[in-house]
Amino acid sequence: MEFKDYYATLGVPKTATEKEIKQAFRKMARKSHPDVNPGDKSAETRFKEINEAYEVIGDPEKRKKYDELGSNWKMYEQAQRAGGGAGAGGFDPSQWNFNMGGAGGRGSYRTMTPEEMRDLFGNEDPFSDFFHAFFSGSGEPEMRGRGGRAGTRSRARQGRDVEHPIDLSLEDAYRGTTRRLSLKHDGPSRTVDVRIPAGVGEGSRVRVSGEGEQGSGGASSGDLYLRVHMAPDSRFERKGQDLHAKVRVPVTTAVLGGEAEVPNLGGKPLRLKIPAGTQNGQVFRLKGHGMPLVGKPAEHGDLYATVEAELPRQLTPEERIHYEALARLAGGKSSAA
């Protein structure tokens, strides 16, 4: 039987902290997940290896057992070659068999359960012989045999989380909104009203507790996560909690000064004072008129208004006279300089 180097599988050193191991697992599992790599057998195999590695070294108690096993592995190999069983050569592998499914044994880490793995891969055993020999205790459903499983015992299993996309306008994200959704994960369809908090942005996830797939054996249901997709807005560009808008002003206003209207998600348009001599592309900051912060609706980002001087496309005869006079004045200034 081949020794499994779970640290190498997750790409972390033996001195890695629990946080580093968890981060490595999440990154690699996301990259190799079958949903992301449909039909890719190598990714499927990799995903199984990652899940198995984290099942062991992602839990402090299992990790301690695994580290002890590593230091005694040569002794175990020698015992196996000598034809010994438990206790051969002074090594008893049963000391590393322990219950993985008991209460309190899972802690805060999260791998896929055997049932979840079977949902993805069918009856094929997703765990290695090495794992079964040392880490498949009495609390785990029996999963022997590469082509199927025998004697699997049913047990309580929490329902899986479900993710759905949801499209929002910038106004909905600014004010917050309620959406009525029709859900059909398993069993009959049901309707649920979901409150979207103000301030969410592209890629935000809104959690709806207990609206995922139903659990089995009396276990609780999973959660529903709404993945936010922001529809484009013709007036604003959003950058984090800040908004950016373009404000077109007549060239005379840019030169002589005046006021301009700036669109505002919070209500009526804002009045922006344009100083005389404002340059094309000049940016003005309107503090506190950006997007609200999620969970802190009283706190907002800023609104940045970029001035675009609007040149006339056609001139009346009188306007032409004045522009020609300005041109002569500008020419005179150049000659004087």
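Two strands count as paired if DSSP finds at least two bridges between them. The legends below use the word in that sense, and the model they describe is predicted.

**Figure 1. Overview of the predicted chain.** The chain holds 10 helices and 13 strands. Of its 337 residues, 36% are buried. Among contacts between residues at least 6 apart in sequence, 58% join residues at least 24 apart.

**Figure 2. The sheet of four strands, S6-S7-S13-S10.** Four strands make an open sheet in this order, with mixed pairing. Strand S6 (236–239) and strand S10 (283–286) are the edge strands; each has a single partner strand, so one side of each is left without a neighbour in the sheet. From one strand to the next, the twist averages 30 degrees.

**Figure 3. Strand S13 and its two pairings.** Strand S13 covers residues 303–310 and pairs with S10 in the antiparallel sense, over four bridges. Within this pairing, Phe 284 has Ala 305 of S13 as its bridge partner, and Leu 286 stands opposite Leu 303 of S13. With strand S7 (residues 242–250), S13 pairs in the parallel sense, over eight bridges. Here the bridge partner of Val 247 is Val 307 in S13.

**Figure 4. The sheet of three strands, S1-S5-S4.** Three strands form an open sheet in this order, and the pairing is mixed. Strand S1 (162–168) and strand S4 (205–208) stand at the edges, each with a single partner strand, so one side of each has no neighbour in the sheet. Neighbouring strands are turned by 30 degrees against each other on average, direction ignored. S1 pairs with strand S5 (residues 224–230) in the parallel sense, over seven bridges. Pro 165 stands opposite Arg 227, a residue of S5.

**Figure 5. The hairpin of S11 and S12.** Strand S11 (residues 292–293) and strand S12 (residues 296–300) run antiparallel and are joined by two bridges. Pro 292 stands opposite His 300 of S12. The two strands form a hairpin with two residues between them. In the turn, Gly 295 has a positive phi of about 80 degrees.

**Figure 6. Thr 177 in strand S2.** Thr 177 belongs to strand S2, which covers residues 177–183. Its relative accessibility is 14%, so Thr 177 counts as buried, the cut-off being under 20%. With neighbours within four places in sequence left aside, Thr 177 is in contact with Leu 168, Asp 172, Val 194, Arg 195 and Ile 196.

**Figure 7. Helix H3, its length and its burial.** Helix H3 has 17 residues, which at 1.5 Å a residue should span 24 Å; the C-alpha atoms at its ends are 25 Å apart, which agrees. H3 is mostly covered, with 12 of its 17 residues buried. Among the buried residues are Phe 47, Ile 50, Tyr 54, Val 56 and Ile 57, and the buried residues also include Glu 44, Lys 48, Glu 52 and Glu 55.

**Figure 8. Ile 50 and its surroundings.** Ile 50 lies in helix H3. Ile 50 has a relative accessible area of 0% and is therefore buried. Leaving aside neighbours within four places in sequence, Ile 50 is in contact with Thr 9, Leu 10, Phe 25, Met 28, Ala 29 and Ser 32. Ser 32 is 18 residues from Ile 50 along the chain, and the C-alpha atoms of the two are separated by 8.8 Å.

**Figure 9. The crossing of helices H3 and H4.** Two packed helices are described by the angle between their axes and the distance between the axes. The axes of helix H3 (residues 41–57) and helix H4 (residues 60–71) come within 6 Å and cross at roughly 95 degrees. H3 and H4 are therefore roughly perpendicular to each other, a term that covers angles of 65 to 115 degrees. From H3, Glu 55, Val 56 and Ile 57 make the contact, and from H4, Lys 62, Arg 63 and Tyr 66. By class, the contact has three nonpolar, no polar and three charged residues.

Terms used
Residues are numbered from 1 along each chain as its sequence is written. This is a predicted model: local features need pLDDT of at least 70, side-chain atom pairs count only at pLDDT 80 or more; totals for chains, interfaces and linings use all residues. Side-chain values use heavy atoms; hydrogens and water are left out. Axes are lines fitted to C-alpha atoms, for helices over the stretch in contact, and angles run from 0 to 180 degrees between N-to-C directions. Angles under 35 degrees count as roughly parallel, over 145 as roughly antiparallel, 65 to 115 as roughly perpendicular and the rest as oblique. Contact means heavy atoms within 4.5 Å. Ala, Val, Leu, Ile, Met, Phe, Trp, Tyr, Cys and Pro count as nonpolar, Asp, Glu, Lys and Arg as charged, and the others, Gly among them, as polar. The expected span of a helix is 1.5 Å times one less than its number of residues. Buried means under 20% relative accessible area, exposed over 50%, partly exposed in between (1.4 Å probe, protein chains only).
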